[in-house]
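Please walk through this protein chain with the sequence and the 3D view side by side.

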Amino acid sequence: MTYPIFYSLQHCPYAMRARFGLMLAQQAVMLRAVVMKNKPPEMLELSAKGTVPVLLLEDGRVIDESLDIMLWALAHNDPEDLLLQQDQEKSVAMFALIAHNDNEYIDWLEKYKYAKRKHQADELMCRQQCELFIAELEQRLSKHAYFLGDKPCLADYAILPFIRQFARVDRQWYLQAPYPELRRWLNHQLQQPMFTKVMAKFPLWLECEEAFLFAG
């Protein structure tokens with residue numbers, strides 16, 4: 001039996017997001033672990049952007065955007081209704097929340113990480129821009145256990161890797177910041193057995209030329 005080929009980097013938040021989608025959909029793939037300083041030629045032939053994740057389907061199609069990989073997998077199998085197909089209003093709100101994360105928050109998160117690392121004067125401003133989104137999530141979580149209600153949806157998993165990064169930029173500040181519900185939500189997610197599976201480390205493809213069955 002053949003499976004789609006999936007190029008992944010363990011700690012990349014986009015690859016992490018894609019792995020969540022595959023795991024939640026129970027979609028088996030052959031995972032090829034890579035590092036960005038030594039990219040496999042086969043991966044570059046599939047996707048000129050040269051970043052992970054990259055998914056090569058059995059019919060030859062290539063999906064190289066993390067959210068698209070999540071949607072492809074869940075379109076085939078969504079046992080927990082993470083796409084909220086039974087609630088159109090919530091589904092619209094869910095995709096709007098993911099768009100806010102992807103189109104605004106992540107840009108400020110990258111600037112915040114860089115400013116912290118380089119000890120730049122605009123670190124506080126960058127963090128405050130991130131907090132506009134963080135505060136929205138805190139408000140949502142003050143009403144429900146998850147972003148869109150009392151059970152997780154696509155947004156919880158699509159956004160999680162980037163909230164995890166935010167929490168790690170300035171750990172001391174984060175732990176005393178006025179976002180207790182966000183901390184509860186993140187801690188709960190990180191303690192789930194699924195997170196351990198999603199973050200499993202695999203030998204590098206270019207070193208062993210061996211792919212590993214993932215999510216099957």
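## Ground rules

Contact means that heavy atoms lie within 4.5 Å. This is a predicted model: local features need pLDDT of at least 70, side-chain atom pairs count only at pLDDT 80 or more, and totals for chains, interfaces and linings use all residues. Residues are numbered from 1 along each chain as its sequence is written, and side-chain values use heavy atoms, with hydrogens and water left out.

## A buried glutamine

Take Gln165 as a test of the term. Not counting residues up to four places away in sequence, Gln165 touches Pro13, Leu109, Glu110 and Lys113. Gln165 sits in helix 6; helices (H or I, at least four residues) and strands (E, at least two) are DSSP runs, numbered from the N terminus.

Is Gln165 buried or exposed? Its relative accessible area is 17%, so Gln165 is buried. The cut-offs are under 20% relative accessible area for buried, over 50% for exposed, and in between for partly exposed (1.4 Å probe, protein chains only).

Five strands form an open sheet in the order 4-3-1-2-5, with mixed pairing. Strand 4 (62-63) and strand 5 (212-214) stand at the edges, each with a single partner strand, so one side of each has no neighbour in the sheet. Two strands pair if DSSP finds at least two bridges between them. Helix 1 (residues 13-24) packs on the sheet and touches strand 1, strand 2 and strand 5. The direction of helix 1 makes about 145° with that of strand 1. Such axes are lines fitted to C-alpha atoms, for helices over the stretch in contact, and angles run from 0 to 180 degrees between N-to-C directions.

Now follow the pairs. Strand 1 (residues 5-8) and strand 2 (residues 29-33) run parallel, joined by four bridges. Phe6 has Leu31 as its bridge partner in strand 2, and Ser8 has Ala33. Strand 1 also pairs with strand 3 (residues 54-56), in the antiparallel sense, over three bridges. Here Tyr7 stands opposite Val54. Strand 2 and strand 5 run antiparallel, with three bridges. The partner of Leu31 in strand 5 is Phe212.

## Inside the sheet

Both faces of strand 1 are covered. Ile5 and Tyr7 are buried on one side, and Phe6 and Ser8 on the other. Strand 2 has four of its five residues buried, so it is largely enclosed by the rest of the structure.

Strand 1, helix 1 and strand 2 make a right-handed β-α-β unit. A crossover is right-handed if, with the strands pointing away from the viewer, the path from the first strand over the helix to the second runs clockwise.

## Helix 4

The 31 residues of helix 4 should span 45 Å at 1.5 Å a residue, and its end C-alpha atoms are 44 Å apart, which agrees. The expected span is 1.5 Å times one less than the number of residues. Where is helix 4 kinked? The kink is centred on Tyr105 and is about 45°. A bend at a residue is the angle between axes fitted to the seven residues ending there and the seven starting there.

Tyr105 is also one of the buried residues of helix 4, which include Met94, Leu97 and Leu109. Among the elements that cover them are helix 1, helix 3 (66-76) and helix 5.

## Helix 5

Helix 5 (residues 123-141) has 19 residues. Its first and last C-alpha atoms are 26 Å apart, close to the expected 27 Å. Helix 5 bends by about 30° at Leu132.

Its buried residues include Cys126, Cys130, Phe133 and Ile134. They pack against helix 4 (88-118), helix 6 (154-169), helix 7 (171-176) and helix 8 (180-190).

Val52 and Pro53 are joined by a cis peptide bond, with omega about 5°. Pro53 lies in the loop between helix 2 (41-46) and strand 3.

His119 lies in the loop between helix 4 and helix 5. Its phi is near 55°, a positive value in a residue other than glycine. His119 counts as exposed, at 71% relative accessibility. Glu209 has a positive phi of about 50°, although it is not a glycine. Glu209 is in the loop between helix 10 (205-208) and strand 5, and is exposed, with a relative accessible area of 63%.
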